[in-house]
Amino acid sequence: TPAPAPPPPPPTTRQFIADATGNLTAASAEEAIAFPESGEAQDFVAYYPYATVSGTTLSVDVSDQTTTAAIDLLYSDNAQNITSGTVNLGFDHQLAQVVLNITADATIPTTNGLTIQAANVLTQGSFDLAGGTLTATAGSTGTIQFNTNTTGTQATAILLPTSDASSITLRFTLGGQTVEK
């Protein structure tokens, strides 16, 4: 009776840098990947932004909206059973981007200086790279500050997706007055 095949090696996380056209290059020589000489097929899973993972779990935290590119989660798992050549990755956003377009009217002649917060939003979770699933951390609700442009006409935030947003409150503050919706 032949011995059972050894288990596959654990997945490794490597850092790659994208150029302006989307081509990826290893961040260092130690990070480079080569196909095995045996010709064994490989599966590629990729995510952005680069962060340390625990096993196959990536921590997600949207509480600090200062730099949205640092918290926006992109994920790719389309490159399966590749034996050689170029690996083409197709990334999908895993979080929700909320964009508010604001216009002034007769009662509010300018939106300059407007700030917007969202209260009671989920701020933390984990993303399983092996299964491609995002799970919010129970009880991780908080308040996040939208990024509002200088004229107060557009505000954006990256949030964890939810099927029930009924508890979320938006706070609009302008000229010392706050309105909650």
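What percentage of the 181 residues of the chain count as buried? In this predicted model, the share that counts as buried is 24%.

**View 1. Overall extent of the chain in the predicted model.** The C-alpha trace spans about 80 × 35 × 25 Å along its principal axes, and the chain has a radius of gyration of 22 Å, whereas a compact globule of 181 residues would have a value near 16 Å. The secondary structure comes to 15 strands and 0 helices.

**View 2. Surface and contacts of the chain.** When contacts between residues at least 6 apart in sequence are considered, 63% of them join residues that lie at least 24 apart.

**View 3. An open sheet of 3 strands, β4-β9-β10.** The strands of this sheet follow the order β4-β9-β10, and their pairing is antiparallel. The edge strands, each of which pairs on one side only, are β4, covering residues 57-61, and β10, covering residues 133-136. On average, and with direction ignored, neighbouring strands of the sheet are turned by 25° against each other.

**View 4. The pairing of β4 with β9.** Strand β9, made up of residues 124-128, runs antiparallel to β4 and is joined to β4 by 5 bridges. Within this pairing, T57 is found opposite D128, a residue of β9.

Terms used. Residues numbered from 1 in each chain as written. Predicted model: local features only at pLDDT ≥ 70, side-chain atom pairs only at ≥ 80, totals over all residues. Heavy atoms only, no water. Helix = DSSP H or I, 4+ residues; strand = E, 2+ residues; numbered from the N terminus. Rg over C-alpha atoms; globule rule 2.2 N^0.38 Å. Buried < 20%, exposed > 50% of the residue type's maximum accessible area, 1.4 Å probe, protein only. Contact = heavy atoms within 4.5 Å. Areas by Shrake-Rupley, 256 points an atom, 1.4 Å probe, with all protein chains shown as cover. Pairing = 2+ DSSP bridges. Axes fitted to C-alpha atoms, helices over the stretch in contact; angles between N-to-C directions.
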